[in-house]
Amino acid sequence: MLRGLYSAASGMFTMERKQEALSDNLANAQSPGYKKDETVLRAFPNLLIQRIRDFDQAGNGSVSGVPQLPQSMTMGELSNGVYAQERIPSFEQGTLVQTDGTFDVAIDDQAIPAQEVNGRDTKPAAFFAVQLPDGTVGYTRNGKWDLDGNGNLVTSEGYRVLGANGEPIQVTSSIRREDLQIDGNGRLLANGNETIGQIGVAIAENPLELSRLGGNVYQAENPLAFMQEENNPGVSLQQGFLEQSNVDSAKTMTDMMMAIRSYEANQKVISVYDTSLDQLNSVGRMNG
Amino acid sequence: MNTSLYISSGALQAYQQKIDTTANNVANVNTTGYKRKDHSFSEILASQMNNHGRANNEAGHLTPEGLRVGYGTRTGLTQIDMNQGQAMETGEPFDLMIAGNGFFQVGTVNGAADEVRYTRDGSFHLSPNPDNPGSYHLAHANGGYLLDQNGNPIELDENYEVKIESNGQIQLKAKAGQGEAILSDQRVGIVDIQNPHMLRNVGDNQFVIDPETIPAGANLADYARMMVAGEAEISSGFLEGSNVDLMKEMTDLMTSQRTYQLNARAVSYADQMIGIANNILK
């Protein structure tokens, strides 16, 4: 029984998964607010292997020559290969790039202090809240917005941006687009100093608990609380800036090369097993 | 299934579209009244794979259960950048430039009879009115007539000298004798369109608002509001240049082309992986 054959096959399969995640990151190297995913590989849980058939066919009495044991005996641990356990998004701040667009808004949440969650230092992350087509709330870092035909503030995916009251933000047509201002606390100001809305900024204490929905949006199991202006933990909004994707294309390419070589190495192992099986098949062949 | 091939080839298409948009901006760097387009990417929706047979066995798992995989990127939103282009002095009396918001209204000759097009391109010239000899329209090079505040073509009599004032009013002065200058009933009609997403590009640097895009209960005037005289400032003898910034476009072109290259390499990596898998049995 050639157990390593399956371990090597699982290695190839896992490297494909990893390559997919890297390709996805690379494809989104210019999507505003995109957060890269890092693949975590894990060995399949090790199995204990035990000797069986220590008894004769009738089930009584030992096979001659085999030591007498009260129960079946453990031979050792067996590794069963590897699998892609999870993809962990990295919520590192992306670079802020000046665009001067009225509806380009970037979140800078670097100043939020890290805190301990489940015995692990975790950095909370701030998100814009958006309304998904099914009515639920999603969280995004994409600050590339515009007004749709009805005057709703929407992200470039078409999701409506929610205000701190949980309602979509609507800008009436009497307000000129270029007069709109968004201050560091997320207040939407028109005509100088008149507040017409508050952009909803939600803070995820442990952003790893969010699940990626795609379209630059994450979902939370329990709705996140909106940040209130009086207890801002260190978030500031920058109008006229866009947060770029935090993908490092040079590192992604290097990781891809690593993945492909590891894939190749696993293929070689399979080839070696194949050679062994081939030799096994030739045992006893006549006219060899 | 190895989806990295599809992820990367999909990304190539999206980056190609970005390069196309940038190239169009660069090509129109000298087009009067051209407004640049801004392309942005968006991530494709992800799907969830249940790769955990027994969740209690997943020691050290940080994210919610399951494996969420994405499928790359696509073109998200292409916005029109409505910033003012630079002013170019031409000295031609019928070259008009709007400073700030607003669009000229142009009646079409070939399109539907009542279709009004909107443009920022103010290079007009006198064109004889076929129905009324001795009078002239202000026309674009493609034949569209400049419209007044009521949506009628502007008509100028050959016996008068014409001056277009900065508030859009047309001053007429009889060529014969020393008569007083009078104001025409017509003025250059400028509409304010707050939401450029309502506009559809019909080529020739002109836009239309499709009636079907207007929500039920609203009418065209809510979206294309006629500005009162003096609200928009018109400079005669100037043209508005394109608002394309070549520096920015070239930088965009470079970064998109590099990312295109990287994704093309990712396609070749995915191909290599398939090749490796095919080589298990030689």
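In chain A, the mean positions of the 22 positive and 36 negative charges lie 8 Å apart. Here Lys and Arg count as positive and Asp and Glu as negative, while His and the chain ends are left out; each charge is placed at NZ of Lys, CZ of Arg, CG of Asp or CD of Glu. For chain B, with 19 positive and 33 negative charges, the mean positions are 12 Å apart.

A word on conventions before going on. This is a predicted model, in which local features need pLDDT of at least 70 and side-chain atom pairs count only at pLDDT 80 or more, while totals for chains, interfaces and linings use all residues. Residues are numbered from 1 along each chain as its sequence is written, chains are lettered from A and ligands numbered from 1 in the order in which they are written, and side-chain values use heavy atoms, leaving out hydrogens and water.

Now let us look at the overall form of chain A. Its C-alpha trace spans about 95 × 45 × 35 Å along the principal axes. The radius of gyration is 28 Å, whereas a compact globule of 288 residues would have one near 19 Å; this radius is taken over C-alpha atoms, and the globule rule is 2.2 Å times the number of residues to the power 0.38. The secondary structure of chain A comprises 2 helices and 21 strands, where helices (H or I, at least four residues) and strands (E, at least two) are DSSP runs numbered from the N terminus. Buried residues make up 45% of the 288 in this chain; buried means under 20% relative accessible area, exposed over 50%, and partly exposed in between, with a 1.4 Å probe and protein chains only.

Chain B has 3 helices and 21 strands, and 45% of its 282 residues count as buried.

Next, the interior. In soluble globular proteins, nonpolar side chains tend to be buried together. The largest nonpolar core in this model has 23 residues, and those with the most contacts inside it are A:Trp145, A:Ile199, A:Val235 and A:Leu237. Such a core is a set of buried Ala, Val, Leu, Ile, Met, Phe, Trp, Tyr and Cys residues joined through side-chain atoms within 4.5 Å. Several strands of chain A each supply at least two residues of this core, among them S6 (105-108), S9 (125-131) and S11 (145-147). A second, separate core of 17 residues includes B:Leu96, B:Phe104, B:Leu156 and B:Ile234.

A:Gln131 lies in strand S9 of chain A, and it counts as partly exposed because its relative accessibility is 27%. Beyond its neighbours within four places in sequence, A:Gln131 is in contact (heavy atoms within 4.5 Å) with A:Thr136, A:Tyr159, A:Arg160, A:Leu162 and A:Pro168. A:Gly158 is 27 residues away from A:Gln131 in sequence, and their C-alpha atoms are 9.5 Å apart.

B:Ser256 sits in helix H3 (residues 246-278) of chain B. B:Ser256 has 0% relative accessibility, so it counts as buried.
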